[in-house]
Structures are given as C-alpha cells and as structure tokens.
Amino acid sequence: MANTHEAATWSPVTTRPDLLGESPFWHPVERKLYWVDIDARQVRRMDPAGGQIESWAMPQEPGCMAPAQSGGLVMALRDGIYRAASWGGALTLVARFAHDTATTRFNDGKADPRGRFWAGTMYEPRDARKAELYSVDLRHMHGSPPAPLIETKAGNAIIANGLAWSPDAATVYWTDTTHHVISVWDWDAQSNAMANHRVFRQFPGRPAGWKPGEPGYGGRPDGASVDSEGNYWVAMFEGGRVLKLSPAGEVLSDIAIPVRCPTMPCFGGDDLRTLYVTSASKNRSPQELHEMPLSGCVLSMRVDVPGLPVNFVSG
C-alpha cells in the first residue's frame, strides 16, 4: 500500500538555483556531492559539511558523469564522451558519436556495476523517437588510435533517463521521459547482454490544457536511483514529488518535494541514507519560482534504507 503524499522533511543543500540540475552522485572518498547544471554548462561539487560549492565550466552541455577508478571523471557532453584526470583538468575525448548535435545531446547516464560507462541521448525537437542508450567500455580499447568498445543497448525513445541497476546486478532500468514509461530488462553483467524487455511502470500522460499547479497530473519519470533493498526511487518532473517503487513496480511512497520539477535522486553521506535530489528552474513561470523559491536547488532528506554506492568507471 502506498503512503500517498507522504510528509517529508526536506532541507536545502544549495540556495543558488541551477537551470537544470542533474546527474548527482556521492563521492565516497572525497565525501563530496557532485552534480551538473546542464544548461549552464557547469559541473559542480560540494562538501556538505562545509557548504562550499565549486563550479567547473564545460565547453558543451554536460548531460551526465561518473567518477573514474583512476581518478577524475568520465562525462558525456553534447557530442561525445570525455574524461578528465582531475577536477578542473583537461578534457580528453574518449568517443564522439554520429548524432546531429543541432538536435541531439547526451542526457542521463552513469557507470554500471562492472565499470562500463552508460549514457543516453535526448532528441530535443521531441517529435521523433531518436534517442538511444549506449555503453562505453574503456576496459576494452581497440584499433588505432585506441577506441573503447561501444554498444547500442536500447532506443526508440525521445529523452533517455532513469538509468539504474538492481543490487544483484541482474536488472537494468531505463526511462523514456516523454512517453512517461520506465522499462526494465534482465541484464547479464559479464556479457553486458539485455533480454526480456518489459514495462516496469507506465504513468498517465499530461492532460491536454493542463497547467503547472493544477491537479490531475502527477508528472513524468526523470532521473532515478536504486536503494540497497532494490527499490527504485524516481523524480517526477512537473509532479512535485519523488516516488519510491518496489522491485515489482508498486508505489511504496509518494513523497512531496517543494519544487515542481525534481530531476534526479541519489544516495549519499557516509551511511548512504541521505537522499539528495537535484531540480530545475529553467522555463518555470515567475509565479512558480515565487511560490517555490527552492526550484533549481539541491534538496536532501534522511531515509531509513541506505542506497547503493556510486559505481566507478574502469579502464
């Protein structure tokens, strides 16, 4: 039974709003929270204990990123995958993709439990299913110059989001935000094979004529994270809520959040029991920003069940 509209105590982690905050992760060694502001072309990190935020300007929109085992970051910018050996360091191109950068950019992604970097695209005109999901394996470099093993893992979408793996690394989740659907596959970690595609949860679409603040629409699934019990936590963009779904897709908790557009949750803190959620302020009305002044900020709340530690990119 869902705890519908469950009360929650959210704390603002930041007070300066991002345009489009996304891709948060907790770095366990640095004990810092990382995230991106896609539209501001910034990568950010923060030590919650001290409160200082560092920002790093990118040449293109950073859709997503993950920490690298060798140090630094692997990130997906608009046209491809890059790596930096250290914070603020030079960006080295890992793989450029053939999509038209005038209409398509990388969006949601992260590393899998075996250390491959996965990233999905979004088709910005939003009128055709041209978004795809790729895995990029830096452990298997081949050719001259050496290039990583790249596989197309899924497609037929408009906005890639919601990428996550189950605690036993046997299931992978992926969302097409535009079509309000979360998909799931059986996944073999060793071979990187996906099979038995099925709908994890389908949400109702946005009603014709609906306006933000009106009832009748619960939002669309955006970024997600999985906890140590296998529950799938998803930010519902324009829904002003975060959902906790069971491994069977049932709504366990429906948690209101004081922003209309939460974008992605992650678990952090030394015990992985702090839920951090990024959000968006871009294209929100002046009235909404007045009523919801934390729009675009990172918020946090404490939870009972810890999350899973971030996966590092290998290679």
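Which backbone atom lies 2.9 Å from a polar atom of the side chain of Asp 37? The backbone nitrogen of Leu 19 does.

This is a predicted model, in which local features need pLDDT of at least 70 and side-chain atom pairs count only at pLDDT 80 or more, while totals for chains, interfaces and linings use all residues. Residues are numbered from 1 along each chain as its sequence is written, and side-chain values use heavy atoms, with hydrogens and water left out.

Asp 37 belongs to strand β4, residues 32-37; strands (E, at least two residues) are DSSP runs numbered from the N terminus. Asp 37 counts as buried because its relative accessibility is 1%; buried means under 20% relative accessible area, with a 1.4 Å probe and protein chains only. Beyond its neighbours within four places in sequence, Asp 37 is in contact with residues including Asp 18, Leu 19, Gln 42 and Arg 44, where contact means heavy atoms within 4.5 Å.

Arg 45 is found in strand β5, residues 42-46. Its relative accessible area is 10%, so Arg 45 is buried. The side chain of Arg 45 has a polar contact of 3.2 Å with that of Glu 30 and one of 2.8 Å with that of Glu 54. A polar contact is a pair of N or O atoms within 3.5 Å; within protein, one must be able to donate a hydrogen and the other to accept it, and residues adjacent in sequence count only if both atoms are side-chain atoms. Leaving aside neighbours within four places in sequence, Arg 45 also touches Trp 35 and Trp 87, among others.

**Two pockets**

A pocket is an open set of points on a 1 Å grid over the protein atoms alone, where a 1.4 Å probe fits, with protein on both sides within 12 Å along at least five of seven lines; lining residues have an atom within 4 Å of a point. A volume is the space filled by probe spheres set on the points.

| Pocket | Volume | Lining by class |
|---|---|---|
| Largest | about 600 Å³ | six nonpolar, six polar, 13 charged residues |

Definitions and conventions. Helix = DSSP H or I, 4+ residues; strand = E, 2+ residues; numbered from the N terminus. Buried < 20%, exposed > 50% of the residue type's maximum accessible area, 1.4 Å probe, protein only. Nonpolar A, V, L, I, M, F, W, Y, C, P; charged D, E, K, R; others polar.
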